[in-house]
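Hi everyone, thanks for making time this morning. Let me put the structure up, and then I'll walk you through a few spots I'd like to share.

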Amino acid sequence: MITIGDGVHNFADGLAMGAAFSVSWRSGLATSLAVLCHELPHELGDFAILLHCGLSVRKALLLNVGSALTSFIGLYIALSVSTQTTAQEWISAITAGFFLYISLADMLPSMIHVDSKKPWLIFLLQNLGLLTGWGIILLLSLYEDQIGI
């Protein structure tokens, strides 16, 4: 289930990046950086869960790489379809819906139901992580036009 869910999630990431690159390379770069910021801890967490379930390191890596490759499918679909502005808008709306669903249906309940001896510390760390992520996304969206290589 983890690998299938991660594959769908990565497919949506690819759609978002493809739609963003079809707008401009700067928008695509900003979206790719945002995806990198949220995918790195996500993939490490999935890898740890697969190891905890008893898979070998090799099998866990293969499953993680396999699910990550679905992002290329989403990227190629979005790049080929999003030549029109209406397609870009639909792809953006669908991927935003995917991300909102994932965060509200999966992440929020797991953040609320945490057993700890120091619940205020966990609460503080979770909110610090959320605020840091929102800050990075805000900075990327504000300064997207000034990104240069």
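This is a predicted model: local features need pLDDT of at least 70, side-chain atom pairs count only at pLDDT 80 or more; totals for chains, interfaces and linings use all residues.

Residues 60–78 come out at 95% helix and 0% strand, with 28 Å between the end C-alpha atoms.

Now, on to some helix packing. Helix α2, residues 25–52, packs with helix α3, residues 57–68, at an angle of about 140 degrees, and their axes are 9 Å apart. An angle over 145 degrees would count as roughly antiparallel, so at about 140 degrees α2 is oblique to α3. The crossing of α2 past α3 is right-handed. So who makes the contact? On the α2 side we have E43, D46, F47, L50 and L51, and α3 brings V57, A60, L61, L63, N64 and S67. By type, the contact residues of α2 with α3 are seven nonpolar, two polar and two charged.

Last stop, the aromatics. How many aromatic pairs does the structure hold? There are two. One of them is W120 with F123: the ring centres are 5.8 Å apart and the planes stand at 85 degrees, so this pair is edge-to-face. W120 and F123 both belong to helix α6, residues 119–142, and because they are three residues apart there, about one helical turn separates them.

That's my tour, and I'm happy to take questions!

Definitions and conventions: Residues are numbered from 1 along each chain as its sequence is written. Side-chain values use heavy atoms; hydrogens and water are left out. Axes are lines fitted to C-alpha atoms, for helices over the stretch in contact, and angles run from 0 to 180 degrees between N-to-C directions. Helices (H or I, at least four residues) and strands (E, at least two) are DSSP runs, numbered from the N terminus. Angles under 35 degrees count as roughly parallel, over 145 as roughly antiparallel, 65 to 115 as roughly perpendicular and the rest as oblique. A crossing is left-handed if the near helix is turned anticlockwise from the far one by less than a right angle, and right-handed if clockwise. Contact means heavy atoms within 4.5 Å. Ala, Val, Leu, Ile, Met, Phe, Trp, Tyr, Cys and Pro count as nonpolar, Asp, Glu, Lys and Arg as charged, and the others, Gly among them, as polar. Rings of Phe, Tyr and Trp (its six-membered ring) pair if their centres lie within 6.5 Å; planes under 30 degrees apart count as stacked, over 60 as edge-to-face and the rest as tilted.
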